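Please keep the sequence and the model in view while reading.

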Amino acid sequence: IAQLKWPPNIMILQPHLILLTAVSATLPYAGGDPTITTAEEGWEHAKKVIARIQQPFFPDVDHNIKDFGAIGDGVSDCTDAFKTAIDHAHKTGGGRVVVPPGGVYLSGPIVLKSNVELHLKSSSIIRFKQDPLAYLPLVRTRWEGVELMNYSPLIYAYEEENIAITGEGTLDGNANEEVWWPWKYGLQYEGRDRLFQMAKDNVPVEERIFGEGYYLRPNFIEPYRSKNILIQDIKIINSPMWVIHPTFCSNVIVRGVTVDSHGPNNDGCDPDSCKDVLIENSSFDTGDDCVAVKSGRGDDGRRVNIPSVNIIMRNCTMKDGHGGLVAGSEIAAGVRNLFAEDCLWNIPNLRYGLRIKSNPLFGGVAENIFIRNIHMKQVSRAAIRLNFKYEQVEVGPHMPRANNIFADNITSERSQHALQLEALSDAWSNNITIRQSNFSDVEKPNIISYIDGLTLVDVCFEYLPYRPSIRDVAIMLFIGASFALYLVEKFAHRTILVETRLGVVNITKPISSMMALSKGLNPLRSRAVHAKY
């Protein structure tokens, strides 16, 4: 049994297989309503949020797009047919605009209106045009966390309420390696830099004119400043950029959706400055983050200053992508009350399970984050990751933080790191609690830095056996066996804590130096930059 002093400069704790049990004081929640200080309070709050998120209802009236001139041959332009059908449904009190089964309907941007449900019958496809000029005139949108006037999203709504996209059909963004996606690699650089400079200079949004010649790809589905939104059962493929992007919205349900889109920046679902969002029973197979909660980038996010609050994900499968559940990187206005439960994150190409990312230029606070009953079959990097030097930015005036993170019953079958929690020396993150969790086949050390209040309760880390390299063997032979044993005693316990405050930690199953060698632990692998042993 070892006691960690308060605070330690650095302690290296962990052998090949360790069960950790800890007790530490819970820090008070700073900011937001209600005050949440425990996991139990958090999940009780989630129940109340779910109870008040209501599905929109529509008049039992169908408007078949064929009656408005649509032809499902994959060649005829159905843009006007969709517009006419939606306008008619809206003006006559609402209802369903129905895409009949079996056809492929080619269209430009579709603009939803209040009290209208776009419903795709099974085997129907809406395929969107590849010509960027089809997405004019420009509309107000948000691109990587900054407002501007840009190409219309493929499906858009502005200041509407009671809208839906439903059915068992497919939305095909028609992006590929020749259309839309190549803009990421060079063509967008000038426009992207111009936009971010305009935001820094506080240029009015109406004067941030982009579109043709600037190569900023549109998002797929983007309700904007809208409420009471349902996206259900559809399959979405080949998005130009972010797939589902509700922005400044409230009372949003994403249910039973399948996202299969592997282009650059193809995030699956990105609630952006939204309130009361439920994402459930959905599958994400993406080219970027599966679900990423956002609230604006840097100066422009702080200008608008609308956080994302009460975002709940449950019963979802993450098949591929950069992160399973992510807060960031554009979280300047903050993210608060983020929940995930009963999810499967199960493909090795998934880089991270839970990921929180920002930097001192973007800023933002992510707080009250609760995950439980999460099974990760394999993640290629870290099961839980905190990164506040995103995009290699370490200096800036807006220090990001993460406070009050609660993880319960997390299972990871294989990862490079179990925990990689790296806050900033000038902005410590507070109160991270992990309970009843098991991380197996871990390849590299946990790295935990600048955390004030870390609690591990019944957490087991099991490391892959280390196979010494020729270099390691040569070093041990050169320095002598006795010193090698000393290094094992010093470095084999592989959790690295840099300037981290804990309570009392009880370590069970301690191992001797010889046991460490027999377990294949590497006495030379554990390192921490700027740390004192």
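The sulfur of Cys274 lies 4.9 Å from the closest cysteine sulfur, that of Cys249, which is too far for a bond, since a disulfide is taken to be a pair of cysteine sulfur atoms within 2.5 Å. A search of the whole structure finds zero disulfides. Cys249 counts as buried because its relative accessibility is 3%, and Cys274 counts as buried at 1%; buried means under 20% relative accessible area and exposed over 50%, with partly exposed in between, for a 1.4 Å probe and protein chains only.

The model is a predicted one, in which local features need pLDDT of at least 70 and side-chain atom pairs count only at pLDDT 80 or more, while totals for chains, interfaces and linings use all residues. Residues are numbered from 1 along each chain as its sequence is written, and side-chain values use heavy atoms, with hydrogens and water left out.

Two helices are set out below; helices (H or I, at least four residues) and strands (E, at least two) are DSSP runs numbered from the N terminus, and the expected span of a helix is 1.5 Å times one less than its number of residues.

| Helix | Residues | Number of residues | Distance between end C-alpha atoms | Expected span |
|---|---|---|---|---|
| H2 | 79-91 | 13 residues | 18 Å | 18 Å |

In H3 the buried residues are Gly191, Arg192, Leu195, Phe196, Met198 and Ala199. They cover an arc of only 155° around the axis, which puts them on the same side of H3, the arc being that of the directions from the helix axis to the C-beta atoms. An α-helix has 3.6 residues a turn, so residues three or four places apart point the same way. Glu190 and Lys200, on the other side of H3, are exposed. The cover over the buried residues of H3 includes strand S10 (139-143), strand S11 (146-150) and helix H4 (298-304), where contact means heavy atoms within 4.5 Å. Asn202, which follows H3, has a positive phi near 60°.

In H2 the buried residues include Thr79, Phe82, Ile86 and Asp87, and just after this helix Gly93 takes a positive phi of about 105°.

Asp320 belongs to strand S24 (residues 317-320). Asp320 is buried yet has no salt bridge, and the nearest side chain of opposite charge, Arg351, is 7.5 Å away. A salt bridge is a side-chain nitrogen of Lys or Arg within 4 Å of a carboxyl oxygen of Asp or Glu; Lys and Arg count as positive and Asp and Glu as negative, while His and the chain ends are not counted. Leaving aside neighbours within four places in sequence, the contacts of Asp320 include His262, Asp285, Asp288 and Asn349.
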